[in-house]
Amino acid sequence: MLLNAHKNALCLAFSPASPVYAEVAAYLLATKNSQARPCALRLGLHRDLTAPHASLVIPAGFHLRECSAVTADRVTLEGKSTITRYVARLFGASSLYGPALDRMASIDANLDAARAAAASSLTGSHEKTTALLAKLSNPAKQGLADPAAKPMSLSIADLAVWDLARSYPKKIAAADKWVSALEAVIPELKEAVAKVEAALDTAHVLDEYRFEIAKELARITGLTAEFCFPLIENKYPKDTTTGDFSVAVPRMKLPGNPSELAKDLESKFTLPSTLKEIKATGVFLKFYMNSTYFRDRLLPRVLTQGETYGQNAGGFGKVSIVEFSSPNIAKPFHVGHLRSTIIGNFIENTLQANGWTTVTINYLGDWGKQFGLLAVGYAKYGDEKKLSVDPIRHLFEVYVKINKDATDDPAVHDEARAYFSKMEDGDVESLALWRKFVDLSIVKYRDIYGRVNVGFDVYSGESQYRATSDSTKQVGAKLRELGLLKEDQGAQVIDMNEHKLGVAIIEKRDGGLMYLSRDVAAAIERQKEYKFDNMVYVVGSQQDFHFKQLFKILELLGLPWAEKCQHVNFGMIKSKDGNLSTRKGTVVFLEDILDNVQESMLEVMKKNEAKYAQIINPVMVADVIGITAIMIQDMGARRNKDYELNFDRMLAFEGDTGPYLQYAHTRLCSIERRADFEIPNNVDLAALTEPVAIALLDVIAMYPDVVREVGVSLEPCTIVQYAFRLSHAVSNCVEALYVMNQPHEIASARLALYRAARITLGNALRALGVIPLDRM
């Protein structure tokens with residue numbers, strides 16, 4: 001979600017235990033006379049489906065359309081009455097909360113009654129709810145809306161009681177009649193119901209099982225469902241000994257022998273229709289799903305949700321800054337930058353799938369002595385024509401040559417420092433050449449990023465935080481005020497030895513700033529501008545110490561958000577003869593690698609002339625397959641591991657490679673293309689009983705859990721491994737269960753299964769930043 005849209009949206013998260021009919025209805029009623037809604041309302045589900053209260057997140061900088069900000073910082077409200085009242089007042093809907101004092105008193109009394117009844121029902125006592133709803137045979141007498149009255153006045157108390165009646169599982173004739181009559185005359189109520197139920201239908205199917213198990217465990221133990229819910233584990237791969245779900249009884253902290261407790265709980269547990277069996281095995285309770293219910297619940301969900309399948313509302317109302325790629329303008333965009341670029345893109349996709357709003361920043365290395373060195377080299381070796389054709393490559397050639405000169409003649413470094421000092425002092429001619437290098441490089445970068453399916457919200461750079469900028473001056477002043485800066489041989493430093501972080505140089509002897517200083521200033525400016533809840537720096541592990549120093553300095557400055565900053569590191573890409581190098585000229589350009597793998601894939605594709613002829617844009621397809629090969633090799637292992645470029649392995653179509661994943665996806669697309677019918681809206685899935693079909697369903701169902709897991713670990717290899725597991729399950733199924741030449745009921749059910757697998761695999765690939773192909 002774009003930041004501006006994020007600031008113009010209320011985020012409402014709830015659970016089946018706390019449906020938000022009243023809250024959504026209040027929003028619809030309060031804004032119904034607006035030509036355009038003053039703000040959006042995002043609906044999502046709590047991770048814990050037993051959560052007793054809804055949460056309304058008002059993001060930092062929230063504003064109504066064409067109005068100034070309502071909130072400076074993020075605010076979270078809880079409770080039906082609180083949220084409904086806030087929404088009504090936010091939009092000036094005074095009729096909903098009653099402008100007259102006597103009306104307000106009646107509204108508050110009914111609100112209190114509805115709140116007390118709902119709270120009592122959560123504990124299993126329904127007397128108050130039953131008593132309140134029974135009085136709806138004469139709503140006017142209770143100070144509630146009478147659907148037959150003209151005109152009819154509706155308040156937030158009416159909405160709360162209507163919500164309570166709608167959510168109450170038992171039938172009460174007076175309440176049912178009142179609800180139906182009310183919804184018949186107020187269309188916004190039916191619209192609210194539809195929106196809430198659509199959101200409920202996005203619940204993760206495995207969480208629904210956990211929800212049922214947690215409720216029953218709460219009933220028989222006296223524990224709360226909220227406590228029990230996170231104890232319920234789902235393991236994969238499954239077998240008859242592990243069950244579909246399990247609970248370690250010792251974690252329930254009940255008095256007594258855990259093994260005996262497990263047997264006792266087994267005997268007391270009443271199986272809901274969603275489960276077929278419970279077994280006590282040692283200190284564990286094992287639960288086995290009703291596979292028919294599971295199948296019939298899962299597939300329609302996946303088919304309906306499509307590309308949103310697997311997403312959740314965990315990060316609702318929160319903003320994450322993701323800084324990644326960040327090449328140095330004076331140096332080449334080489335394959336070593338690939339890791340930060342694709343891992344950062346993955347993190348952006350993952351956070352968005354977990355409900356966060358992201359702002360991606362490409363923080364360019366566009367300032368420093370290297371520009372002085374480059375300018376000196378350009379005066380000697382520069383070529384305007386070469387610069388305009390391929391600026392990055394030509395500047396690299398100049399960079400290597402001038403570095404060689406500087407090795408032979410140290411005076412070159414003095415020239416470079418002098419040139420950069422002119423830049424720092426604002427020399428027009430020097431800055432014009434610098435700006436030319438930067439602008440031409442960014443144009444080329446955008447082309448390369450486009451090939452690897454990466455984009456940025458903001459292009460920023462170290463030049464914004466030069467020594468003369470207000471932000472860096474303010475940082476220096478604050479460090480001096482706190483007594484953190486000390487002089488050491490003419491330089492300004494911070495002694496952090498007591499934190500085991502050595503000495504951090506802030507300002508050099510000549511007055512030039514270290515990039516640590518610029519990073520401090522940049523972090524402070526970002527917090528002011530974005531009010532972020534999390535900021536991720538995606539930078540190689542060689543910079544671990546730098547970021548420890550940076551975060552400690554932010555902490556020493558007394559900035560409470562310092563703990564929200566996170567360094568996501570990664571290992572190095574190595575060539576066969578060691579690490580990739582820039583100064584020595586042994587660097588491997590990323591663009592060259594992309595071109596080479598594209599050519600290799602094109603040669604492979606041409607070997608199958610029939611398939612090649614069916615591809616509309618074979619060069620583009622070859623490019624995507626080649627890039628997928630590179631990305632999957634890169635992200636196939638844990639981030640912190642180094643790896644060596646291995647083109648033979650990465651380009652293979654067999655084994656766990658990128659091309660294999662694309663093949664699995666295109667194979668599923670082909671099955672759908674060749675089917676000469678559409679999947680019926682209410683497709684009968686009863687034919688899906690084979691073990692390979694159940695195994696594929698199990699893997700498809702895991703995807704939302706995987707998305708949540710990587711939202712915490714930020715490890716792309718988890719998604720890669722999942723995509724391979726899913727592809728293997730697809731392969732096993734496709735080999736055994738045909739669609740073509742089968743009875744219609746069987747063919748329809750299998751096609752639904754394969755479409756769900758294609759949707760899920762496509763979502764996993766997109767999370768990694770890979771473009772799923774439909775032909776290859």
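Colleague: Where does proline 151 lie?

Modeller: Proline 151 lies in the loop between α6 (127–134) and α7; helices (H or I, at least four residues) and strands (E, at least two) are DSSP runs numbered from the N terminus. This is a predicted model, in which local features need pLDDT of at least 70, side-chain atom pairs count only at pLDDT 80 or more, and totals for chains, interfaces and linings use all residues. Residues are numbered from 1 along each chain as its sequence is written, and side-chain values use heavy atoms, with hydrogens and water left out.

The peptide bond that leads from lysine 150 into proline 151 is cis, with omega near -5°. Most peptide bonds are trans, and most residues other than glycine have a negative phi.

Arginine 166 and glutamate 183 meet through their side chains at 2.6 Å, N to O. Arginine 166 belongs to helix α7 (residues 156–167) and glutamate 183 to helix α8 (residues 173–185), so that this pair, 17 residues apart, links distant parts of the chain. Glutamate 183 counts as buried at 8% relative accessibility, whereas arginine 166, at 29%, counts as partly exposed; buried means under 20% relative accessible area, exposed over 50%, and partly exposed in between (1.4 Å probe, protein chains only).

Side chains of opposite charge can pair when their charged atoms come close. The count comes to 45 salt bridges by the stated rule. In helix α12 (residues 258–268), lysine 268 and aspartate 264 are separated by about one helical turn because they are 4 residues apart. Their side chains meet in a salt bridge at 3.1 Å, N to O. Lysine 268 is partly exposed, with a relative accessible area of 42%, and aspartate 264 likewise counts as partly exposed, at 30%. A network of salt bridges links Arg47, Asp207, Arg210, Asp705 and Arg708.

The pair formed by glutamate 462 and arginine 518 leads towards the sheet. Their side chains meet at 2.9 Å, N to O, in a salt bridge. Glutamate 462 lies in the loop between β10 and α20 (470–481) while arginine 518 is in helix α21, so the pair ties together parts that are 56 residues apart in sequence. Both glutamate 462 and arginine 518 are buried.

The sheet is open and consists of 5 strands in the order β10-β9-β8-β14-β15, with parallel pairing; two strands pair if DSSP finds at least two bridges between them. Its edge strands, each pairing on one side only, are β10 (458–461) and β15 (565–568). From one strand to the next the twist averages 25°; axes are lines fitted to C-alpha atoms, for helices over the stretch in contact, and angles run from 0 to 180 degrees between N-to-C directions. Helix α21 (residues 515–530) packs on the sheet, where it touches β8, β9 (357–364), β10 and β14, and its direction makes about 150° with that of β9.

Within the sheet, β8 and strand β14 (residues 534–538) run parallel and are joined by 4 bridges. Isoleucine 321 has methionine 535 of β14 as its bridge partner. Serine 320 lies in strand β8 (residues 319–323) and is buried, with a relative accessible area of 0%. Leaving aside neighbours within four places in sequence, the contacts of serine 320 (heavy atoms within 4.5 Å) are Leu351, Trp356, Thr357, Thr358, Val359, Asn534 and Val536.

Lysine 531, in the loop between α21 and β14, has a positive phi near 50° although it is a residue other than glycine. Lysine 531 is partly exposed, with a relative accessible area of 32%. Glutamine 489, in the loop between β11 (486–488) and β12 (491–495), is not a glycine either and has a positive phi of about 55°; at 67% relative accessibility, glutamine 489 counts as exposed.

As to confidence, the mean pLDDT (the predictor's confidence in each residue, from 0 to 100) of the protein chain is 90, and 96% of its residues reach 70 or more. Over residues 578–585 the pLDDT is below 50, and this stretch has 21 contacts in the model beyond near neighbours in sequence. Where pLDDT is low, the predicted coordinates should not be read in detail.

Definitions and conventions:
Salt bridge = Lys/Arg side-chain N within 4 Å of Asp/Glu carboxyl O.
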